[in-house]
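Hi there,

Here is the structure I promised to pass on. Please have a look at it first, and then read my notes below.

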Amino acid sequence: MSLGMEAGMEAQQGSRMVAFVGAESTGKSTLALHLARQCGAEFVPEVGRFIWEEKQGQLDAADYVEIAERHRDAEDAAVARALGPYVFVDTNALTTLLLGLCFGQVAEPVPPALLRYADACRTRYLHHFVCADDIPYEEEPGVRENAAWRTRIQRLVLEDLDARGIAYTVLTGTVEQRAARVMQVLATLK
């Protein structure tokens with residue numbers, strides 16, 4: 001956890017969504033799905049990945065707004081279906097906005113809807129977990145850049161969370177170690 005973030009761990013009342021953010025190839029999808037299966041909980045996959053693949057990476061600002069909207073709709077549907085205490089979410093509008101800017105596919109002025117979705121992340125989730133880039137980089141031709149890109153994006157993700165005053169916990173180690181840490185932190189938020 002970043003310095004000073006422990007005290008800011010209060011969440012929006014009634015929020016059940018747990019967000020996993022970080023750069024590409026840091027294990028967000030694997031961890032969120034693992035926890036959903038382990039807990040019998042709902043899982044929301046990264047909607048942006050599907051749109052990115054469908055459009056072969058050729059996105060514009062309107063596509064990033066669509067990603068944020070479709071992801072939010074998927075989250076709301078998962079919360080409505082959820083029987084357990086949590087919904088595990090792979091990525092959110094913060095990462096959507098950040099990647100759009102970094103890829104140069106979103107430029108100033110940023111679409112107001114995308115900014116609103118990113119700003120809402122401050123209170124929309126019970127907690128944010130950042131998957132560290134301490135696992136081997138998995139190259140995926142046409143989708144991901146490279147390990148140096150991952151490190152750069154990871155730094156920007158952390159800076160963005162800090163700048164927005166969003167509490168988060170950095171997860172390191174194996175999937176099992178990360179999952180155990182998630183459950184430990186979530187137990188303190190009840």
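**What I found**

Of the contacts in the chain between residues at least 6 apart in sequence, 80% join residues at least 24 apart, where contact means heavy atoms within 4.5 Å. Please keep in mind that this is a predicted model, in which local features need pLDDT of at least 70 and side-chain atom pairs count only at pLDDT 80 or more, while totals for chains, interfaces and linings use all residues. Residues are numbered from 1 along each chain as its sequence is written, and side-chain values use heavy atoms, with hydrogens and water left out.

The chain holds seven helices and five strands; these are DSSP runs numbered from the N terminus, with helices being H or I of at least four residues and strands E of at least two. Along the sequence they follow the pattern β-α-β-α-α-β-α-α-β-α-β-α. Of the 190 residues, 48% are buried (under 20% relative accessible area, with exposed over 50% and partly exposed in between, for a 1.4 Å probe and protein chains only).

Helix α4 (residues 93-102) has nine of its ten residues buried, so it is largely enclosed by the rest of the structure. Those buried include L97, L98 and L99, along with G100 and C102. Among the elements covering them are β1, α3, α5, β4 and α6 (147-164).

Helix α3 (residues 61-81) and helix α5 (residues 112-124) pack at an angle of about 35°, their axes 9 Å apart. Axes are lines fitted to C-alpha atoms, for helices over the stretch in contact, and angles run from 0 to 180 degrees between N-to-C directions. On the α3 side are Y64, V65, A68, E69, R72, E75 and D76, which meet A113, L114, Y117, A120 and R124 of α5. The residues of this contact divide into seven nonpolar, no polar and five charged (Ala, Val, Leu, Ile, Met, Phe, Trp, Tyr, Cys and Pro count as nonpolar, Asp, Glu, Lys and Arg as charged, and the others, Gly among them, as polar).

Finally, α7. In this helix R178, A179, V182, V185 and L186 are buried. Seen down the axis of α7, they fall within an arc of 130°, so they line one face of the helix; the arc is that of the directions from the helix axis to the C-beta atoms. They pack against β1 (17-21), α1 (28-39), β3 (87-90), β4 (127-131) and β5 (168-171). Turned away from that buried side are the exposed residues E176, A187 and T188.

Best wishes
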